[in-house]
Amino acid sequence: MKLTEKQKNCPYCHEQADYYAEPITGGFNDIGCGLIHASGNWYMSSWDFDVMKVADNPVIACPMCKRPLNEEEK
Ligand SMILES: [Zn+2]
């Protein structure tokens, strides 16, 4: 699987801070959602200030750049 430059540099599916990628909408101190990296998989999470929810099943692809996230790059 060859990644495009956009996919390699996509902030929405690469960790920007501890485990978190860039929020897809909103901000970390506001209401938002984005991807979170945990134990080799990416999960969709959403938060409302201090209340955070994380989906049970891993995300299969980045919603922004379409990079497959269910197959880790070696
Ligand atoms: Zn991406």
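Figure 1. The donor residues of the zinc ion follow the sequence spacing C-x2-C-x48-C-x2-C. In this predicted model, the ion is coordinated by the SG atoms of C10, C13, C62 and C65, at 2.3 to 2.4 Å. The 4 donor atoms subtend angles of 106 to 115° around the zinc ion, and the arrangement is therefore tetrahedral. Four donors count as tetrahedral if all angles lie between 85 and 135 degrees.

Figure 2. Leaving aside residues up to four places away in sequence, C10 is in contact with C62, M64 and C65. The largest nonpolar core consists of 9 residues: C10, C13, A21, L35, W42, V59, C62, C65 and L69. In soluble globular proteins, nonpolar side chains tend to be buried together.

**Figure 3. The antiparallel hairpin of β2 and β3.** Strand β2 spans residues 41-48 and strand β3 spans residues 51-54; the two run antiparallel and are joined by 4 bridges. Across this pairing, S46 is placed opposite K53 of β3. The hairpin has 2 residues between its strands. F49 lies in this loop between β2 and β3 and adopts a positive phi of about 55°, although F49 is not a glycine.

Figure 4. The structure contains 2 aromatic pairs. Y20 has a relative accessibility of 24% and so counts as partly exposed. F28, at 39% relative accessibility, is likewise partly exposed.

**Figure 5. Stacked pair of F28 and W47.** The ring centres of F28 and W47 are 5.8 Å apart and their planes lie at 20°, so this pair is stacked. Planes under 30 degrees apart count as stacked. The pair links distant parts of the chain, with 19 residues separating its partners: F28 belongs to the loop between α1 (5-8) and β1 (31-38), whereas W47 belongs to strand β2. W47 is classed as buried because its relative accessibility is 6%, while F28 is partly exposed at 39%. Through ring pairs, Y20, F28 and W47 are linked into a cluster.

Figure 6. S39 is located in the loop that lies between β1 and β2. The phi angle of S39 is near 40°, a positive value in a residue other than glycine. S39 has a relative accessibility of 73% and therefore counts as exposed. A positive phi is also found at F49, where the value is about 55°.

Methods. Residues numbered from 1 in each chain as written. Predicted model: local features only at pLDDT ≥ 70, side-chain atom pairs only at ≥ 80, totals over all residues. Heavy atoms only, no water. Donors = N, O, S within 2.8 Å, 3.2 Å for Na, K, Ca; no water. Tetrahedral: all angles 85-135°; square planar, octahedral: opposite > 155°, others 65-115°. Core = buried A, V, L, I, M, F, W, Y, C linked by side-chain atoms within 4.5 Å. Buried < 20%, exposed > 50% of the residue type's maximum accessible area, 1.4 Å probe, protein only. Contact = heavy atoms within 4.5 Å. Pairing = 2+ DSSP bridges. Phe/Tyr/Trp six-rings, centres within 6.5 Å; stacked < 30°, edge-to-face > 60°.
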